[in-house]
Amino acid sequence: MPGILPAAVEVEGGNLVLVAIVALIGLAALAMAALFRQQVLAAGEGTPKMQAIAQAVQEGANAYLTRQFRTLAIFAAVAFFALLVLPADDWTVRIFRSVFFLIGAGFSAAIGYLGMSLAVRANLRVAAAAETEGRDPAMNIGFRTGAVVGMSTVGLGLLGASLVVIFFQDDAAHVLEGFGFGAALLAMFMRVGGGIFTKAADVGADLVGKVEQNIPEDDPRNAATIADNVGDNVGDCAGMAADLFESYAVTLVAALILGSLALGDKGLVFPLVVPAIGAITAVIGTYLCRPPPG
């Protein structure tokens with residue numbers, strides 16, 4: 001019946017300019033993440049013994065994530081074709097819903113890998129700075145490490161969502177379903193898999209190292225201790241970073257879908273503008289944050 005179906009949503013004029021600005025802010029957030037990462041990696045790496053232990057943790061973390069990504073690629077391929085079968089208005093929506101599922105999954109995996117790979121390097125640099133330079137430089141390195149993951153999460157989330165709104169307009173809500181689902185799927189596997197790995201390694205370090213071999217806790221001679229540190233990084237860093245992107249992405253997608261149904265084109269713009277402003281204030285806050293004296 002006429003008047004029952006909602007009018008087509010079109011983002012044009014000033015609203016389209018705002019969404020384009022949000023996309024540029026997303027790119028700027030990624031540029032800030034690259035800058036912060038460069039600052040972290042420029043710090044000193046400590047003694048050769050510290051570097052050797054850190055290298056063992058890095059190798060283990062990379063090996064774990066490589067194996068996990070090979071397994072997740074199978075699930076992603078199955079979900080890609082499953083989304084093609086689900087109902088949609090036309091095949092264009094079906095295809096790009098699946099394409100943005102892979103993009104969302106890829107963004108989530110990238111954030112997880114970035115968080116892990118930088119964390120295992122920053123751990124070494126924070127410890128070295130605390131030993132040789134003091135509290136404030138060490139805190140600054142640790143804070144910049146977190147800012148890399150935060151800015152990357154915001155940048156990829158805003159960029160992906162704003163591009164969908166620009167190119168798909170009235171069909172943006174349907175395409176965004178795939179984007180959010182991809183982010184959620186990868187985050188779930190990475191969070192749970194990393195958590196299981198770190199708990200298994202922790203138990204192994206305690207039983208074999210402390211009980212059977214009488215090696216003190218957290219001693220690098222115990223291989224399970226290295227594995228436990230690997231698990232901390234893949235679970236708490238890679239898994240948590242991917243989970244952070246998933247939470248950000250699905251919240252943004254939900255706001256865009258509900259906003260488009262309730263407010264039309266304005267509902268596709270406002271949920272993007274607010275987090276874009278938040279990204280700008282977050283960069284300012286990163287430079288203003290200082291540890292208290294004493």
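Visitor: Is D136 buried, exposed or partly exposed?

Guide: D136 is partly exposed, because its relative accessible area is 41% (buried means under 20%, exposed over 50%, and partly exposed in between, with a 1.4 Å probe and protein chains only). This is a predicted model, in which local features need pLDDT of at least 70 and side-chain atom pairs count only at pLDDT 80 or more, while totals for chains, interfaces and linings use all residues. Residues are numbered from 1 along each chain as its sequence is written, and side-chain values use heavy atoms, with hydrogens and water left out.

Visitor: Which residue forms a salt bridge with D136?

Guide: The partner of D136 is R135, and the closest N and O atoms of the two are 3.0 Å apart (a salt bridge is a side-chain nitrogen of Lys or Arg within 4 Å of a carboxyl oxygen of Asp or Glu). R135 also counts as partly exposed, because its relative accessibility is 41%.

Visitor: How many salt bridges does that rule give?

Guide: The count comes to 2 salt bridges. R125 forms one with E45, where the closest N and O atoms are 3.2 Å apart.

Visitor: And where in the chain are R125 and E45?

Guide: They link distant parts of the chain, 80 residues apart. R125 belongs to helix 3 (residues 91–132), whereas E45 sits in the loop between helix 1 (14–41) and helix 2 (48–85). Helices are DSSP runs of H or I with at least four residues, numbered from the N terminus.

Visitor: Is R125 buried or exposed?

Guide: R125 is buried, because its relative accessible area is 6%.

Visitor: Now the helices. At what angle do helix 3 and helix 4 pack?

Guide: The angle is about 170°, and their axes are 8 Å apart. Helix 3 is therefore roughly antiparallel to helix 4 (the term covers angles over 145 degrees). Their contact divides into 18 nonpolar, 6 polar and 1 charged residues.

Visitor: How far apart are the axes of helix 4 and helix 7?

Guide: The axes of helix 4 (residues 135–168) and helix 7 (residues 265–288) lie 11 Å apart, and the two pack at an angle of about 160°. Helix 4 is therefore roughly antiparallel to helix 7.

Visitor: Which residues meet there?

Guide: From helix 4 they include F143, R144, M151 and L158, and from helix 7 they include L268, P275, V283 and Y287 (contact means heavy atoms within 4.5 Å). By class, this contact has 15 nonpolar, 2 polar and 1 charged residues.

Conventions:
Axes fitted to C-alpha atoms, helices over the stretch in contact; angles between N-to-C directions. Parallel < 35°, antiparallel > 145°, perpendicular 65-115°, else oblique. Nonpolar A, V, L, I, M, F, W, Y, C, P; charged D, E, K, R; others polar.
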